[in-house]
Amino acid sequence: MERIIARFVAALRESGIRVSPGESLDAVQALSLAGMEKRSLSRQLLRLTLVKNVNDMPLFDEVFTRFFSRFQPDVSDIDISDLMNAAIISMEGEFNYLNQQQGDDHDEPGPLIKLDSDINPEDLQELKSLTEIDPDESDGKEIVVQMKGYRGKAKAPRPMRRYVQNPLTIELNKSTGTDRGITFSPEEQAAMQDVVSRMMLRLRKDMRRMKNNQNRGKLHVIKTIQKNYRHDMVPFQVALRRKRREKPRLVVLCDVSFSVSHASRFMLLLLHTLHNQHLDVRSFIFNREVAEITEMLINMPVNDLMQAIDKGDIVDLDENSSFGQVFLAFKKRYLENLRGRPAFIILGDARNNYDEANDWVLDEIREKARYMLWLTPEERDTWKRGDCLIETYGSYCDKVEVVKTVDDLSLVVEELLRDIYADQAEPIDRKRLREAREAETYDYQDYYTRGTGGGGEPAFDPSGRSRW
Amino acid sequence: MITEQGVKDLLNTGGYIADDAIATAVFLAIRMEKPILIEGPPGVGKTGLAKALSAALDFPLVRLQCYEGIDEGKALYDWEYGKQLLYTQLLRTQLDTYLSVSADLREAVERLSAEESLFFSKNFLVQRPILRSFLSEKRSLLLIDEIDRSDDEFEALLLECLSDFQVSIPELGVIEAEKKPLTILTSNGTRMISDALRRRCLYLYIGYPELEREVAIVRAKFPDICEDLARQMVDFLRKARELNLRKPPSVSETLDWAQVLSILNATQLTPAVVANTVGVIAKHQTDLQKVTELAMQELSVPWNG
């Protein structure tokens with residue numbers, strides 16, 4: 001029995017479900033406890049012990065059926081031609097599956113093992129020829145191997161995950177899609193780095209101002225007593241409870257369709273740079289479908305990522321963008337597991353191509369969000385024309401802003417981050433911050449009009465210092 | 001010797017209608033002494049299973065409700081500082097006499113440190129739920145509810161407890177469970193539970209029940225609701241679940257509704273009945289509307305199923 005289980009576990013691993021040795025031991029123990037008379041019971045036992053994720057369950061069932069069907073004794077009294085038909089049908093099913101999964105397990109014999117050895121060789125040949133068609137020639141073995149590593153992990157496989165491991169794989173499928181060739185020059189990247197780091201510098205100054213107060217909470221009685229044992233309980237040293245300090249969390253949904261590509265590419269660059277600063281940002285891109293690119297932003301050179309996006313490898317760019325569908329998909333797949341009231345930024349022109357608006361989803365997102373900001377590259381006077389839904393969507397947002405340049409963008413994001421920090425601060429800090437900011441306003445304006453070249457911090461900050 | 005059919009019957013008599021997967025999971029958990037991790041949408045009876053089991057098996061229920069920021073002081077154990085202080089004050093005179101026999105300071109310190117363990121003993125240990133269930137004289141049922149609400153750190157803290165059924169206390173050493181409790185963890189899936197924790201548990205997914213089982217659940221809880229009405233109710237709710245509602249009605253809503261209908265002495269579902277009681281099954285304003293519309297569509301013709 002141990003051997004069968006070991007082989008079954010191997011089959012599961014092959015199809016991407018992660019099973020640890022401990023779990024297979026559990027399975028053996030479970031089977032020996034409950035017996036193996038009934039097939040359905042054994043299936044349940046194995047599923048309980050080997051599968052630890054809802055998303056893996058259908059896959060498990062499939063592997064189970066395939067694996068244990070060859071031990072069925074009553075093959076002899078079934079008409080061979082029926083069996084053939086069934087095999088061909090399931091083979092076709094498998095084939096479709098292959099197409100979807102981008103060549104995940106096409107080196108497996110698949111349901112062929114269902115057949116007895118006495119079918120005639122021509123049929124077999126025909127069947128085999130079906131498997132030989134590679135669904136995607138350009139994805140070689142390498143990707144298959146990588147996909148396998150990822151299939152079993154905590155989340156359902158996302159097509160873009162594979163890039164995270166090795167950006168080189170992008171080079172492998174250059175054949176697909178049209179190349180629009182949007183990349184960033186080193187100067188642009190450096191400029192963005194510059195803008196962002198100066199933005200962070202200014203923000204950090206604000207943060208430092210409130211940090212001390214933010215950390216402190218009520219008296220921690222037990223710790224205070226502990227600390228003052230040695231002083232005979234006279235509380236010389238006071239221990240205060242620490243407040244949970246939240247990192248500002250940001251969720252960004254970025255439209256990458258053709259109509260806004262000039263704006264979204266800068267948004268992506270900004271995101272990429274923000275990721276390198278210590279901020280908790282989750283980024284999604286969408287056109288008609290939505291995909292998370294958080295990890296790719298962290299792990300990939302930004303130009304490679306841009307290429308991947310432009311080629312439509314992550315989300316299909318040939319479709320018309322549909323905000324309604326994207327919101328619905330986002331709600332289904334991600335909304336539940338967003339933590340800690342993040343601030344939402346949505347970048348897009350809200351041109352829905354006359355699809356269903358689904359604006360009620362935004363209402364739900366609103367409940368989870370601390371703040372919602374819609375950025376559009378379009379001027380206000382074109383908002384009413386055509387299929388633009390920004391007035392509908394905008395009514396759910398705290399703010400709708402027009403951004404046209406990098407400076408607009410960074411100014412808006414900075415304002416937002418500042419608001420998030422201020423939100424968490426004590427009222428007294430908030431007041432102080434506001435005063436400080438008002439005093440500095442002129443400096444900032446000047447700062448931006450001077451452009452990206454040169455320029456340093458406003459040297460002296462009288463409002464902040466005069467208080468101390 | 002208990003079998004999975006035995007578990008099922010036991011639960012059935014306790015009023016919890018289990019399907020095969022649930023019964024098998026419970027059976028395995030009892031025999032293999034492994035925790036079960038239950039996931040599923042809210043209100044399908046995850047916590048209910050634990051309660052029913054505790055009643056049916058006569059295991060005392062120890063419940064730990066997780067929340068963001070829960071730590072070992074709330075879940076495992078804590079030292080009772082107040083009591084320790086009080087004891088040192090009260091024992092001061094005794095300590096004086098006890099130490100006065102010693103010849104010099106060095107000896108006094110040695111004598112005192114020999115008794116150090118007094119102050120970090122089980123006398124001064126406050127047992128929190130997990131430790132309490134480990135040390136309970138009878139085998140208990142430990143319910144760790146909504147584990148997905150806790151932080152990652154807390155999850156890591158649970159690993160030792162769940163795999164070896166022991167708690168390490170630096171001052172006392174390792175305390176092992178007297179009787180390994182039957183452990184049930186529930187999660188609503190608002191956050192991914194780490195693989196390390198999953199690996200230590202049996203994994204059970206409870207989804208919405210099939211028609212027959214849900215009817216059986218309603219009938220078991222409210223015997224005065226006739227079979228026809230129960231079937232019609234469940235049928236309607238199953239359709240409502242497919243409506244893309246913000247909060248789809250779950251089994252707990254089914255039961256609430258059954259109770260309401262039995263109080264109202266309803267015998268058949270009509271759009272009017274649904275409209276009057278819709279607040280029980282739909283919990284958002286937009287949902288209310290959708291459900292009422294569904295009732296208009298589905299129930300205007302008299303039902304004959």
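**Figure 1. A:F8, A:A11 and A:L12 of α1(A) meet A:F60, A:V63 and A:F67 of α4(A).** Sorted by class, this contact between α1(A) and α4(A) has 6 nonpolar residues and no polar or charged ones. Like everything shown in these panels, the pair comes from a predicted model. Helix α1 covers residues 2–14 of chain A and helix α4 covers residues 57–68 of chain A.

**Figure 2. How α1(A) and α4(A) cross.** As for handedness, the crossing of α1(A) and α4(A) is right-handed.

**Figure 3. Strand β6 of chain A (residues 343–347) is largely enclosed by the rest of the structure, because 5 of its 5 residues are buried.** In a regular strand, side chains alternate between the two faces of the sheet. Which residues of β6(A) point which way? A:A343, A:I345 and A:L347 go one way, while A:F344 and A:I346 go the other, and all of them are buried.

**Figure 4. The strands that pair with β6(A): β3(A) and β7(A).** Strand β3 (residues 249–255) of chain A runs parallel to β6(A), and 5 bridges join them. Look for A:C254, whose bridge partner in β6(A) is A:L347. Strand β7 (residues 371–376) of chain A also pairs with β6(A) in the parallel sense, over 5 bridges. In that pairing, A:I345 stands opposite A:L373 of β7(A).

**Figure 5. Where chain A touches chain B.** The contact takes in 28 residues of chain A and 25 residues of chain B. On the chain A side, α2 (21–34), α3 (39–50), α11 (221–227) and α16 (360–368) each supply at least two residues. Which of the elements gives the largest share of that side? That would be α2(A), with 7 residues. Split by class, the chain A residues touching chain B come out as 13 nonpolar, 8 polar and 7 charged.

**Figure 6. A look at chain B, with its 15 helices and 9 strands.** Chain B has 305 residues, and 34% of them are buried. Take the contacts in chain B with a separation of 6 or more: residues 24 or more positions apart account for 77% of them.

Conventions: Residues are numbered from 1 along each chain as its sequence is written. Chains are lettered from A and ligands numbered from 1 in the order in which they are written. This is a predicted model: local features need pLDDT of at least 70, side-chain atom pairs count only at pLDDT 80 or more; totals for chains, interfaces and linings use all residues. Axes are lines fitted to C-alpha atoms, for helices over the stretch in contact, and angles run from 0 to 180 degrees between N-to-C directions. Helices (H or I, at least four residues) and strands (E, at least two) are DSSP runs, numbered from the N terminus. A crossing is left-handed if the near helix is turned anticlockwise from the far one by less than a right angle, and right-handed if clockwise. Two residues are in contact if their C-beta atoms, placed from the backbone, lie within 7 Å. Ala, Val, Leu, Ile, Met, Phe, Trp, Tyr, Cys and Pro count as nonpolar, Asp, Glu, Lys and Arg as charged, and the others, Gly among them, as polar. A residue is buried if 20 or more other C-beta atoms lie within 10 Å of its own, exposed if 12 or fewer, and partly exposed in between; C-beta atoms are placed from the backbone. Two strands pair if DSSP finds at least two bridges between them.
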